[in-house]
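Biologist: I would like to go through this model with you, one question at a time. Please put it up first.

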Number of protein chains: 2
Amino acid sequence: MGDGEAETGPLATSWHSNKFLNPHTDGVVLPVLHLNGYKIANPTVLARIPEDELAALMHGYGHKPHFFTGGFEDEDHATAHRRYAELLDVVLDEIAQIKADAAARDAAGQPQERPLWPMIVFRTPKGWTGPKEVDGKRTENSWRSHQVPLANARDTDEHLKNLEDWLRSYRPEELFDDDGALIAEITAANPPDALRMSTNPITNGGLVLRDLRMPDWRDYGVEVDGSMTEAPRILGNFLRDIITLNPDNFRIFGPDETASNRLQNVFEVTDKQWMAGYLPNDEGEAMARVGRVMEMLSEHQCQGWLEGYLLTGRHGLMNSYEAFIHLIDSMFNQHAKWLKVTNEIPWRRPIASLNYLLSSHVWRQDHNGFSHQDPGFIDHVVNKKADIVRVYLPPDTNTLLSTYDHVLRSKQYVNVVVAGKQPAPSFLSVDEALKHCTRGLGIWDWAGTEVAGESPDVVLGCAGDVPTLEAVSAAALLREHIPDLKVRLVNVVDLMRLQDEKEHPHGLSDREFDTIFTPDKPVVFAYHGYPWLIHRLTYRRTGHSNLHVRGYVEEGTTTTPFDMLMLNNLDRYHLVMDVIDRVPGLATRYAGLRQQMVDQRLEIRAYTRATGQDSPAVRAWVRPDAGETATVEGGPAMPQDTGGDNE
Amino acid sequence: MGDGEAETGPLATSWHSNKFLNPHTDGVVLPVLHLNGYKIANPTVLARIPEDELAALMHGYGHKPHFFTGGFEDEDHATAHRRYAELLDVVLDEIAQIKADAAARDAAGQPQERPLWPMIVFRTPKGWTGPKEVDGKRTENSWRSHQVPLANARDTDEHLKNLEDWLRSYRPEELFDDDGALIAEITAANPPDALRMSTNPITNGGLVLRDLRMPDWRDYGVEVDGSMTEAPRILGNFLRDIITLNPDNFRIFGPDETASNRLQNVFEVTDKQWMAGYLPNDEGEAMARVGRVMEMLSEHQCQGWLEGYLLTGRHGLMNSYEAFIHLIDSMFNQHAKWLKVTNEIPWRRPIASLNYLLSSHVWRQDHNGFSHQDPGFIDHVVNKKADIVRVYLPPDTNTLLSTYDHVLRSKQYVNVVVAGKQPAPSFLSVDEALKHCTRGLGIWDWAGTEVAGESPDVVLGCAGDVPTLEAVSAAALLREHIPDLKVRLVNVVDLMRLQDEKEHPHGLSDREFDTIFTPDKPVVFAYHGYPWLIHRLTYRRTGHSNLHVRGYVEEGTTTTPFDMLMLNNLDRYHLVMDVIDRVPGLATRYAGLRQQMVDQRLEIRAYTRATGQDSPAVRAWVRPDAGETATVEGGPAMPQDTGGDNE
């Protein structure tokens, strides 16, 4: 924390994170608030409040503050450094005592307590040792020394003199020899091999990265039998066993939503780490002084924790609500930029990917509403360099398992995985899911009505669990009502497959794209997020002008799942209308069917308005190829069946 | 602040904002921390730290905390309410005393001091008065009462009984008459007219919104004489006089960057409001206990301040760095959603637009670097409803003035204005700028080489100040080297003009679009941000497949302005190459010119690597129509000429 900028959100909240540290099992933290008094153009707030308020603030953050002031009024540098070294000794002794006490408590079987961790308020002049004054204006100990204390050294002799005086103040004649090389006394202070930045695991965490021990994800797969599963709940079983197999280098982070996002099965083997106070009725709440799940209702804090965890050579994931992950847009930016730059630095060893799981998404708003609707994090992410970002939209449970198996093994990426948490049907068996996810997209021949050896009349594309169910249902309606229409259904799980292979390493070649989506047939695409993203990814493709995308168009409220779809024209009936409107020759022949679709929407809306529920017509789902042999009349559970969906 | 979620960034920082309140001139603030102990699935942090730590935290935030605990252990409701009313009286008396003291100090001509504002820590059980227990699990005073305390009332008789008991606990028989209407005793408590939410200016700020008194922006315009101006610095003159004319309902907010963003001329008439401590050498730093500029190095805080200011019927703008405005992506989302919803509520009176000025943008990285590069806020913004968002990229000083005149008069929008702060040439006179901005885009015939009555061979589109200079320069190169090539130059200032009129109220009709950009000629478009945004806005246009966009493709470092352009292939030479590559027939005839362009890029890069500066070849700029009569050999100032660009 530099420049006293403790007032910004993410930094300020980081203080609270110490409340989660277990002094026996977790690393040492010594926050130093470098309060040099100024920032870009003003004093800092914390430098201008009375010391008792600042001390109270640090105490409120759970710390015992130590104040150090040095370098003012021409204090000799060596004196200041010596005084600071003495303070560091005191503080490090305090930390050692805390750790020793914690070890003793642990040995005695006593519970850990949260210590008052020491911290240092380090006051020095901003721009210390820089130019004292430029153009008659105070520069050292002023905002004027921010970043570039001397803006110009070429325009006047005086400025050149400022620069010379400044640089000479470091006494270069004592530091360099006649050839301009550093003298041996200085180079001797270089850190030995194991402490060099490139060889030190503290700064180059990839050095100590161990691959996760992974169970076989296929053992967790579900049967495709018409029953409904909550995909993240099954993923939770997989993650539970990953935690067991990797007890010291894998953690789950989330803003209070691990259970809400249906990963609660991990609590069979671990707890949420909580070092603040306990009450008797916390019993059974999966809270403990040591645990592999870190929860705090601050996306900033979770993101910061996870970044630090990855950068020090461990693995993890962050689960969050889709709409609120925008809170960390800016933090994601910097991490993605860091990954891009480190890819170009030979000594930097790869670190584990930063994995998101967004399982409370835009399409379920039973309790929430418009404020909880924004699928645009994907749009934000794909602006970053293609060799860094990956976006996956697994349509069901087995594809989510396969996707997460993949992303947890990957390095140097940011992986965004969007998969709903509500009960939903399965489309692909474990074996099919493996192939489908490996390809990244695929034709589902069981869902469509293609004729071997002939071109389809229309392609129904889909990406995302909810849109996929609608596309599959639309295909079933088309089979029923226009049996001679040749429909191809294409599901996309790896969104980057849509992009040009020249733009993204996962991109399909133009030939492959044309083969799958056709160069000349209408494509009606049901997409999870903002529809224009699909256009932005495919604008160079041959058949792009035939592409018609439905998605979230910023219409929504607190309502039933199917009503959300209808508000945005992404429902199966609208997709059928889109097909009728776009396949040449259907419009006049199937005006009656089109009208039926309009009427069906009206009836369902009326039912919802009258009952507060979705019509049974859209609640049941049977895999089309199961036909009349299907015995399980499953249907997405209604809101009231799904307790815990509480944000 | 509800549910004790003080730990989230924006909320936590909001406490610090009290340090900026002047007790005499500013409104009353009474923060209440409702610490009900739980959130979605866990205890809250602040509810589980010792009370002395919590009190210290509040003191550190600049408050005198009052603790209230009520509703536990079956405390009678009326008793709890009465006790709380007594506390409120005490606290409101304290505030009244603070205000009276401040008024007395003001009358006596003494400077204001920052008081320790009172605040209340309000502890009640979460879900107070809700179901005590459901399925044998504690619900009241637990996270289980978050949002939906009773997930299902239909599945079992017991749940139905839970619901009935809960609702009956409010004694409906005492509240409703036999027809189910509220009894008169209750309705008599409805607030009188002026206090109803719809008629109360505290909740419906548009009621007290007064239009700003605006000087004529044209009086601030600059001559187009080849000289360079910093557009925001001129805008600062306009804003300075707006502040003078509107002393009580206009403010400027910014994360410590008002001067860095070149609006410092406003300090001729006002100061930065600062209620924390002063030091003797703050003299001359434009800091005062009353001022119209609010600066704090927290984009979250500035955004929150501005939203509150607008919602209470005032006007303002926020200036920030382009890359870091992503920090408030999520806050922007909620404000934009709020505007959309309130547009549909008849009694809600319009409020002033939320105006951004992003003048430290991606194309100038002399001191900063890759971390400061992200033009994607525009992408984020355009995902919101078209009737809410506006994006402007004025290419020079006069167009920036005209744009800001427009946005400050507008209501119910979010206006994003991106305009660089570095010295740059002017293209349009005041009269031309007025017409250009009213149209939102236009053909610059003086820059191109069209022949009246004939179609152009190529269209050079541009949006953004830096890309516009490159496009104009590319057109000049083409005129010199391929004099018979008919080049049309189109500048876009209102980005939404590119979109379909069916998608955005500012959108051009297809016919207009085809007229300007042609349906069949190559369009080479130089864009300020991520190039795919232009594709996303234009994918439905007739000539879209002829559109080739250059923009920022996530390549950059700390380097010279022209090197930034070359790294992203947006420089004038590359635009000339793009034209040669795309206009039929040029490729073979002008292979020599193309090679010259490649060589020119190599030479300039070599010059930059050798000197750390841009080549003089790209520093000079002369308006093409000025031809040989131009006397001023202006050129963008070099980094070292522009002190103050310090973040």
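Modeller: A salt bridge here is a side-chain nitrogen of Lys or Arg within 4 Å of a carboxyl oxygen of Asp or Glu. This is a predicted model, so local features need pLDDT of at least 70 and side-chain atom pairs count only at pLDDT 80 or more, while totals for chains, interfaces and linings use all residues. Residues are numbered from 1 along each chain as its sequence is written, chains are lettered from A and ligands numbered from 1 in the order in which they are written, and side-chain values use heavy atoms, with hydrogens and water left out.

Biologist: How many salt bridges does the structure hold over all chains?

Modeller: Side chains of opposite charge can pair when their charged atoms come close. Counted over all chains, the total is 82.

Biologist: Which residue meets A:Asp578 in a salt bridge, and is A:Asp578 buried or exposed?

Modeller: Buried means under 20% relative accessible area, exposed over 50%, and partly exposed in between (1.4 Å probe, protein chains only). A:Asp578 has 1%, so this residue is buried. Its partner, at 2.9 Å from N to O, is A:Arg550.

Biologist: How many residues apart are A:Asp578 and A:Arg550?

Modeller: Helices (H or I, at least four residues) and strands (E, at least two) are DSSP runs, numbered from the N terminus. A:Asp578 sits in helix H16 (residues 572-582) of chain A, and A:Arg550 in strand S20 (residues 547-550) of chain A. The pair thus links distant parts of the chain, 28 residues apart.

Biologist: B:Glu344 forms a salt bridge with B:Lys340. Which of the two counts as exposed?

Modeller: The closest N and O atoms are 4.0 Å apart. B:Lys340 has a relative accessible area of 9%, so B:Lys340 is buried. At 55%, the exposed residue is B:Glu344.

Biologist: Which residue of chain A forms a salt bridge with B:Lys340?

Modeller: Across the interface of chain B and chain A the rule finds 18 salt bridges. In this one the closest N and O atoms are 3.1 Å apart, and the partner is A:Glu555.

Biologist: What area do chain B and chain A bury between them?

Modeller: The size of an interface is often given as the accessible area lost when the parts come together. Here the loss is taken with a 1.4 Å probe and summed over both parts. Carbon and sulfur atoms carry 51% of the total, which is about 8,500 Å².

Biologist: How many residues of chain A are in contact with chain B?

Modeller: Contact means heavy atoms within 4.5 Å. Chain B contributes 97 residues, and chain A contributes 99.

Biologist: Turn to the open sheet of three strands in chain A. What is its strand order?

Modeller: Two strands pair if DSSP finds at least two bridges between them. The pairing is parallel. Strand S1 (32-34) and strand S2 (63-69) of chain A each pair on one side only, as edge strands. The order is S1-S3-S2.

Biologist: How many bridges join S2(A) to strand S3 of chain A?

Modeller: Strand S3 covers residues 117-123 and runs parallel to S2(A). A:Thr69 stands opposite A:Arg123 in S3(A). The bridges between S2(A) and S3 number seven.

Biologist: Which helix packs on the sheet?

Modeller: Axes are lines fitted to C-alpha atoms, for helices over the stretch in contact, and angles run from 0 to 180 degrees between N-to-C directions. The helix touches S1, S2 and S3 of chain A, and its direction makes about 140 degrees with that of S2(A). The helix is H2 (residues 51-60) of chain A.

Methods: Buried area = accessible area lost by both parts, 1.4 Å probe.
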